[in-house]
Amino acid sequence: MQKIISTERTPIKMWLDEAEEGSIRQAKNLANLPFAFKQVCLMPDTHEGYGMPIGGVLATKGVIIPNAVGVDIGCGMCAVKTNIKAKNLRAEQLKQIMAGIRELVPLGFDHHKKRQDESLMPQGYNIDEMTVVKRQYAAALKQIGTLGGGNHFIELQRCDEGYLWLMVHSGSRNIGKQVADYYNNMAKRLNELWFSAVNPKADLAFLPFKTDEAHQYYQEMKYCTAFALANRQLMMERIRQVVSEMLTDVEYEPVINIAHNYAAWEHHFGENVVVHRKGATSAKDGEIGIIPGSQGAKSYIVEGLGNPESFMSCSHGAGRTMSRSAAIKTLDLEAEQRKLEALGIIHSIRSKSDLEEASSAYKDISQVMAFQSDLVKIKVELSPLAVIKG
């Protein structure tokens with residue numbers, strides 16, 4: 001832990017040396033909420049978001065805040081280790097694998113032309129009791145197993161022992177956004193009716209668990225988190241299918257999965273509270289997680305240290321240093337291409353619009369990891385071989 005801001009109702013604890021003005025302003029809004037519990041935590045990848053900073057962790061007493069979860073509910077990571085030595089892979093083989101993945105996994109705004117099998121969807125939920133999920137379910141059957149856009153990616157990686165790894169970063173697609181927007185707007189209307197003291201400009205409208213609306217959101221949020229996992233699992237299944245067709249005698253270890261946009265009831269400092277992680281990852285003692293770097297940078301498989309001061313959380317990635325629009329305006333296309341090619345990475349940066357996810361738009365992942373050495377320990381270091389962006 002690097003710094004504590006103690007001027008607000010609850011302290012803000014930061015696992016970084018300096019944070020941008022916008023994220024500090026948002027963290028102060030969180031710290032002054034009347035139901036904020038104990039402290040607000042900023043992970044080393046923190047940057048300004050909507051309402052709550054990305055890389056923020058907030059615990060609340062008895063309420064849930066849709067905008068403190070965000071629009072990509074359940075977004076997270078999956079990673080799989082193979083028995084294939086990466087040094088034996090030729091560049092042409094990597095290109096063939098990536099081409100095969102593009103044929104099976106729709107990218108960006110694309111989705112499947114046909115509905116996928118319903119058995120692939122989350123099981124054990126009563127869809128008829130969910131307002132938004134029920135309405136979006138048919139569309140979601142075409143979205144499961146699709147990557148999405150923005151910073152979502154599929155990577156082939158080499159671990160420090162030399163083995164090939166597969167990694168996916170994606171979330172709940174449109175169904176998560178629809179749930180988030182619906183309940184955030186509902187919370188805003190209710191807060192206005194209740195004459196809530198929470199400043200509406202902070203965009204932190206809340207739902208108390210004494211209301212039906214809070215329980216409804218919580219159930220739909222949990223479904224979207226499960227859908228995001230099912231989405232990643234289906235993509236990983238199809239990636240393995242491609243790899244197995246291109247290479248011989250491939251074996252796969254169990255999938256590692258972790259989410260980084262959700263809220264959950266947890267026990268901290270002697271009380272049951274609702275922990276919101278928006279661009280932050282659970283890091284309970286012994287828990288295995290994934291912290292990806294930016295395009296062209298290293299990623300890490302980590303083990304949580306269960307630090308109570310961060311509500312047992314860590315960063316979810318490197319974190320942006322500039323907005324997407326600023327990256328497109330200021331970064332040099334050819335320079336970013338040369339940077340990746342010099343590392344031998346097969347990439348998909350083709351136009352100025354692709355610069356919004358260039359590595360220069362992100363923080364140094366090695367520095368991010370150094371800031372949180374009391375939150376996680378590194379188990380595996382991964383270097384990129386080839387990347388597909390959404």
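User: Hi! Which strands does helix α1 lie across?

Analyst: In this predicted model, helix α1 (residues 21-31) lies across β1, β2 (12-14), β3 and β4. Helices (H or I, at least four residues) and strands (E, at least two) are DSSP runs, numbered from the N terminus, and contact means heavy atoms within 4.5 Å.

User: And at what angle does α1 run to β3?

Analyst: About 165°. Axes are lines fitted to C-alpha atoms, for helices over the stretch in contact, and angles run from 0 to 180 degrees between N-to-C directions.

User: What's the strand order in the open sheet?

Analyst: The order of the six strands is β1-β2-β3-β4-β12-β11, with mixed pairing. β1 (3-5) and β11 (261-268) are at the edges with a single partner strand each, so one side of each has no neighbour in the sheet. From one strand to the next, the twist averages 20°.

User: How do β3 and β4 pair?

Analyst: β3 (residues 36-47) and β4 (residues 54-60) are antiparallel, over five bridges; strands count as paired if DSSP finds at least two bridges between them. Ala36 has Thr60 of β4 as its bridge partner.

User: Switching topic, how many helices and strands does the protein have?

Analyst: Eight helices and 17 strands.

User: What share of the residues is buried?

Analyst: Of the 390 residues, 58% are buried, meaning under 20% relative accessible area (1.4 Å probe, protein chains only).

Key. Residues are numbered from 1 along each chain as its sequence is written. This is a predicted model: local features need pLDDT of at least 70, side-chain atom pairs count only at pLDDT 80 or more; totals for chains, interfaces and linings use all residues. Side-chain values use heavy atoms; hydrogens and water are left out. Buried means under 20% relative accessible area, exposed over 50%, partly exposed in between (1.4 Å probe, protein chains only).
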